[in-house]
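Hi everyone, thanks for making time. Please bring up the model on your screens, and I'll talk you through it.

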Amino acid sequence: MRFNGKSVLVTGGTTGIGLATARAFLEEGARVAITGRRADRGRAAERALREVAPHVLYVRADMSRASDVRNAVRATARAFGGVDVLFNNAGVYLQKPAEVTTEREWDEVLAANLKGYFLAAKAVVPVMRKRGGGVIINNCSVSAHAAVPGESAYAASKGAALMLTRVLAVELAKDNIRVNSVSPGVIRTEMYDAWLREQRNPRAAERREVARHPIGRIGTPEDVARAVLYLASDESKFLTGTDLAVDGGYLSV
């Protein structure tokens, strides 16, 4: 029960990594708010999480919109008395060569994966400061470290989010707010499954993705959730500005 009495905000918490992380925080005693753009998924996730613990709140929000972000932070603080941990997780994926990526697609990816992280951090810092400190964790990616063809917009957004993590860590250390990130490898989520279905030969594509990970498999949302909880806990209280690769060895090859 490392997070007994703690208040946690998980953006993009209705599916995949976000949902698994919200569940893991609840299992360790936290009160958890999740955000998502689709109300139907949000309500379903809220119901599922309440089977784990009762202190769950779903807030409909597009995290690339400042008004939605401020509302999500206010709603969390109002329901649970503050915000101790922010997991910036909401985002989108695009695999498309730069030459054929449209300006609109570029803007949408950067808004979701970078601007949303900035807005959430900006909104939550005053709330954390009142609590005497807190932890912000950004979900980056191995694509922030390794160039993958077809990921110009996605990789740019994740690379920038990685540097945002480091700058915030330096800026906020005086306020006892730690800022770290995780960089997952390929993780089996709904987003991944949708990508796999679009491939010409899904079985061969799956084999290629597995082969990129020396550990011999792709990751699960729970693999990432465990890393996030470590970074949010007092077990990592001397870590800030750090990125934790949760990648099965992907970046070591």
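Let me begin with a question: which residue is the bridge partner of Leu9 in strand 2? It is Ala33. Before I go on, a word on ground rules. This is a predicted model, so to speak of local features we need pLDDT of at least 70, and side-chain atom pairs count only at pLDDT 80 or more, while totals for chains, interfaces and linings use all residues. Residues are numbered from 1 along each chain as its sequence is written, and side-chain values use heavy atoms, with hydrogens and water left out. Helices (H or I, at least four residues) and strands (E, at least two) are DSSP runs, numbered from the N terminus.

Seven strands make up an open sheet with parallel pairing, in the order 3-2-1-4-5-6-7. By pairing I mean that DSSP finds at least two bridges between two strands. At the edges sit strand 3 (56-60) and strand 7 (243-246), each of which pairs on one side only. On average, neighbouring strands here are turned by 20 degrees against each other, direction ignored. For angles and axes, the lines are fitted to C-alpha atoms, for helices over the stretch in contact, and angles run from 0 to 180 degrees between N-to-C directions.

Let's look at some of the pairs. Strand 1 and strand 2 pair in the parallel sense over four bridges, and that is where Leu9 and Ala33 are partners. Strand 4 (residues 85-88) and strand 5 are parallel too, with four bridges, and Leu86 stands opposite Ile136 in strand 5. Strand 6 (residues 177-184) and strand 7 likewise pair in parallel over four bridges. There, Val182 has Leu244 in strand 7 as its bridge partner.

How about burial? Buried means under 20% relative accessible area, exposed over 50%, and partly exposed in between (1.4 Å probe, protein chains only). Strand 1 is covered on both faces: Ser7 and Leu9 on one side, and Val8 and Val10 on the other, are all buried. In strand 5, six of its six residues are buried. Gly134, Ile136 and Asn138 point one way, and Val135, Ile137 and Asn139 the other way.

Next, the helices on the sheet. For contact, read heavy atoms within 4.5 Å. Helix 5 (residues 152-172) lies across strand 5 (134-139), strand 6 and strand 7, and runs at about 160 degrees to strand 6.

Helix 3 (residues 66-80) also has a helix partner, helix 4 (residues 103-131): the two pack at an angle of about 35 degrees, with their axes 9 Å apart. The contact residues divide into nine nonpolar, no polar and no charged. In that count, Ala, Val, Leu, Ile, Met, Phe, Trp, Tyr, Cys and Pro are nonpolar, Asp, Glu, Lys and Arg are charged, and the others, Gly among them, are polar.

Also in helix 4 is Lys122, which counts as exposed because its relative accessibility is 56%.

Finally, a few loop residues. Glu28 is in the loop between helix 1 (16-27) and strand 2 (31-36). Why does Glu28 count as buried? Because its relative accessibility is 19%. The Glu28 side chain makes a polar contact with the side chain of Arg2 at 2.8 Å. A polar contact here is a pair of N or O atoms within 3.5 Å; within protein, one must be able to donate a hydrogen and the other to accept it, and residues adjacent in sequence count only if both atoms are side-chain atoms.

Asn176, in the loop between helix 5 and strand 6, has a positive phi of about 60 degrees although it is not a glycine. With a relative accessible area of 49%, Asn176 is partly exposed.
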